[in-house]
Each structure stands twice: as C-alpha cells, then as structure tokens.
Amino acid sequence: MADLRKRVQNKGTDLDTETENEGANQDSDANLDLDSEDDKSLGKKLDLSSTIPSGTDKAPEMLDATLSALPPRWRNWVIRGIFTWVMIFGFALMIYAGPLALMLVVLAVQVKCFAEIINIGYAVYKIHGLPWFRSLSWYFLITSNYFFYGESLVDYFGVVDNRTEFLRALVKYHRFISFSLYIGGFVWFVLSLVKRYYMKQFSLFAWTHVALLIVVTQSYLIIRNIFQGLIWFIVPVSMIVCNDVMAYMFGFFFGRTPLIKLSPKKTWEGFIGGGFATVLFGLMISYVLCQYPFFVCPIEFNEELGRMTLDCEPSPLYRPQEYSVPASLAPVVRMITGKNTVMIIPFLFHSLSMSVFSSVIGPFGGFFASGFKRAFKIKDFGDIIPGHGGIMDRFDCQYLMATFVNVYISSFIRMDSPQKLLQQIYSLKPELQLELFTALRDSLTARGILQLTAP
C-alpha cells in the first residue's frame, strides 16, 4: 500500500490512481469490523453476561423469600431439587398423555433450544438491525423441520398418505420441495447481504446451520426412537436425568477431586457415583417397563381405527429368555436356581449398554455446553427453569444420547417393518406393484407357505 501511494504522489498517472483506489477498497473491506457503524457506537466489548439471563440463581419471589435465611449453596440446592421434581412430574404426565404429546413436547423443546443458541449469536455479533437475519434463522428452522419430520411421516404414514392425490404428490416430491424451500432461503440470505457486514452475516449464517445440526437433527432422531417403542425414549431420557441428578448429589456431598477444567464444579466422586446409580436405575426401570405392551410396542397407524396404536404382542426382546451361564458361574447359579441356566429379559443387555454410554459419554454433552458457555462468558443459556438455567442447559446431554440410541437401534435392533415396506410398494407404478405381487405369490407357493385353491 505504501508503494502504491508513493507512486501516485510521484507520478500522478491515471493508472496508478486507479490502482491506489482499488487497494484502498481492499483495505476498507479488510477492516470491516473496525469501520462498521455498530462497533463505533458501542465503543467497547459487548458484555454477554448482562445480555443473556441466568437461571441458576433465579427463583420465584415467594420461594426466594422463604429460603433467604439459608446459605447460598444450600439455597441453590433446595431450589434445584424442587424444580427437578417438578420436571420429573411433568415428564411423567407427558408419558401418560401418549406418544403424540411427547412428539409435540420434543418439537417445543427443539424450538426453545434453537432460540437460546441463536440469541447468543445475535448478542455476540450485534446484528439485530441487519435486514431479515432473524427471519432467515427461523425460516431455516421451519424448512429443516419440514424435511426431517416429513421424512418420518412418509416412512410411518405413507400408506395413509397415498389415499389422496394431494398427499400422494407431497410424498412423491417431498425431498424436492424441501430442497426448493432451502434454496429459497439461501437466495434470500445472499440478497440480504450488506456491504459493511459481510463477515458478521456469514458468521451468523454458519452459526444458524450449526444450531440446526445440533438441535433439529437430534430431535428428529428422538422422534424416530419414539416410533420404535416408548421404551426407547423413556429409558435413555430417564438415564440421563438419573445420571445428572445423582452426579450432582454425590458431588455435592462427597465431591473433592475436580474432574474437568471446563466444569470446575464437576468431580470424580460425582462422576463415578452417578455412573453406578445410572446403571442400577437403568436395569430396574427397563425391567418394569418390559412388563407393559404400552411401552414396548412400536407406534403404528391402525387403518381400521384411524389413529396411532400401541397394541401388539411383545417381541422376544422384551420377554424372559433362557440363557446358559459360563462354567465358572455354573455352581453358584445351580445353588440358587437348581439349574445351569438363568431367565433374563434380552432388553436388559441393551439397557446396560445405554446406561454405560449415558454414564461415561453422556456427561461430555454437558462439558461441551460448558465450554460453549465459557467461550462467550455466560453462565446459562437462559433463565426459564429456576435453579437450572435454560432449556438447553437441561437437554445438552439428551441430544447426544438420542443419537447414540438411534444408531444403536439401527445397528443391533431394528428391521424393516411391514408398514414401511408397504409404503415403498405403494409408491411404485401399478404395473410394477402387480409384477411384485405375482413374484411374491409364486415364491410363497413354491415354498409351501401359501396354498392356492382352484377356482
């Protein structure tokens, strides 16, 4: 730049003047942050701690007055305990209300978590006044939900959707419609770019998409887990709750050894104690839930009743099976049961896997959230839950667990259901459906499974 300016001063040629102007424009673009109007008006670094509300120290006025005589540590313990039980009771009511209520709650939680994450982005980059950005963030959320939840509806209710021409078209072109909606938002974003705010707008564009990846994708996986049976939702969620509560309790009363710098209050005593408690709790709640078809039956749409049902003959996965024990344990087992075998519900083995993951890996979702909050020097994501913080503060580990459960089901449990196969068949042209029917009939007849009678 200095050479260019010197050449302009010495030679004064038109070419050099144009070069200098071009260099000046590049220099201006390279220092957008320094020249932007909002930075000049602020004049100092944004204090997020005063912008993002904190909920761990918040309590209703009446409760706060009642507990005012307690030391801060015990005051927080009581408030946290009260609202933990409130949330547990609310969770039980949602389960009682059925799968549709649970799905709606998952959607509501997703929206609130997305709002809490996005609000931090707005506070960091101070772009509240930029054109359309808030609207774009919510537009992308709606578009993402249309794609993911539409995929679930196509998979589980495609047989019903194909009854009407309008729904059949939505099923057939669902992905193309979703892509078109996203492209519309993409073009909208490009048209909304403001010259002096390019860096900030692209940063928040990336911020929005990371939030969508963390929140929307995981909530979609939770919905898919629910369709496999309520037990695949209740047990993992309860394990995370148990681990969180028991780790807090063990850490509160016995914690001495720091666990990780990201969360100074986390201790090894709480981590280990919460892990053992979670394994025991997971086995117990799994055993109880396996006794009821309401919890273990996959959610399917009953065409005769015209609604979702949870009525089936429980699969062997949820019924006691006889297993041989290792030779080293055979004498002990024989003394107790009189034989070398034991009766165990197979789901308990899967429950053990989930409890180990929720105890060992699950807390890292919380550590990740702690690092995120420390990066922006905030205490909580929000203040909607007294003693706990925001919704994201309570569901950071749940999203990680949801992904594991979905991958676990896909890898070790789930097989294609007849309903899903029917959906794929109904999407074929009539002549292909007839060809498939003929081939299947001939195969079943040749294997003696289907007996055809002469007309």
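Q: Which helix is Phe186 found in?
A: Phe186 belongs to helix α11, which covers residues 174–191. Keep in mind as we go that this is a predicted model.

Q: What surface patch is Phe186 part of?
A: A nonpolar one, formed by Phe179, Ile183, Phe186, Val187, Val190 and Leu191. Together these residues have about 560 Å² of accessible area.

Q: Nice. Which parts does UniProt annotate as "transmembrane region"?
A: The unreviewed UniProt entry gives that annotation to residues 77–96, 136–153, 173–192, 204–223, 229–255, 267–289 and 344–369.

Q: What does the chain look like over residues 77–96?
A: That span is 100% helix and 0% strand, and its end C-alpha atoms lie 29 Å apart. Residues 204–223 are also 100% helix and 0% strand, with 28 Å between the end C-alpha atoms.

Q: Let me zoom out. How many helices and strands does the protein have?
A: There are 21 helices and six strands. The protein has 455 residues, and 39% of them count as buried.

Q: How about contacts across the sequence?
A: Among contacts with a separation of 6 or more, 72% are between residues 24 or more positions apart.

Q: New topic: where is Lys373?
A: Lys373 sits in helix α18, residues 363–375.

Q: Is Lys373 buried or exposed?
A: Lys373 counts as buried because its relative accessible area is 11%, and buried means under 20%.

Q: What is Lys373 in contact with?
A: Setting aside neighbours within four places in sequence, Lys373 is in contact with Ile378, Lys379, Asp380, Phe381 and Asp393.

Q: Which other residues of α18 are buried?
A: Besides Lys373, the buried residues of α18 are Pro363, Gly365, Gly366, Phe367, Ala369 and Ser370.

Q: What do the buried residues of α18 pack against?
A: They pack against helices α13, α14, α17 and α19, and against strands β1 and β2.

Q: How far does α18 reach?
A: Its 13 residues reach 18 Å from the first C-alpha to the last, close to the 18 Å expected at 1.5 Å a residue. After α18 comes Lys377, whose phi is positive, near 55°.

Q: On to charges. How many salt bridges does a search of the whole structure find?
A: Five. One of them joins Arg394 and Asp244, whose closest N and O atoms are 3.0 Å apart. That pair links distant parts of the chain, with Arg394 in helix α19 and Asp244 in helix α13, 150 residues apart.

Q: Why do such side chains pair up?
A: Side chains of opposite charge can pair when their charged atoms come close.

Q: Is Arg394 buried or exposed?
A: Arg394 is buried, at 18% relative accessible area, whereas Asp244 counts as partly exposed at 24%.

Q: What does Lys339 pair with?
A: The side chain of Lys339 meets that of Glu322 in a salt bridge, 3.9 Å from N to O. Lys339 is in the loop between α16 and β6, while Glu322 is in strand β5, 17 residues apart. Both are partly exposed, Lys339 with a relative accessible area of 40% and Glu322 with 49%.

Q: How far is Val325 from Lys339?
A: Their C-alpha atoms are separated by 9.8 Å, and the two residues are 14 residues apart along the chain. Val325 is in the loop between β5 and α16.

Q: Is Val325 buried or exposed, and what does Val325 touch?
A: Val325 counts as buried, at 18% relative accessibility. Not counting residues up to four places away in sequence, Val325 touches Ala330, Val333, Asn340 and Val342.

Conventions: Residues are numbered from 1 along each chain as its sequence is written. This is a predicted model: local features need pLDDT of at least 70, side-chain atom pairs count only at pLDDT 80 or more; totals for chains, interfaces and linings use all residues. Side-chain values use heavy atoms; hydrogens and water are left out. UniProt positions are given in the numbering used here, feature names are shortened, and annotations may be inferred rather than shown by experiment. Helices (H or I, at least four residues) and strands (E, at least two) are DSSP runs, numbered from the N terminus. Buried means under 20% relative accessible area, exposed over 50%, partly exposed in between (1.4 Å probe, protein chains only). Contact means heavy atoms within 4.5 Å. Patches are made of residues with over 30% relative accessible area and no salt bridge: like charges are joined within 9 Å, nonpolar side chains (Val, Leu, Ile, Met, Phe, Trp, Tyr) within 5 Å. Accessible areas come from the Shrake-Rupley method with a 1.4 Å probe; for residues, only the protein chains shown count as cover. A salt bridge is a side-chain nitrogen of Lys or Arg within 4 Å of a carboxyl oxygen of Asp or Glu. The expected span of a helix is 1.5 Å times one less than its number of residues.
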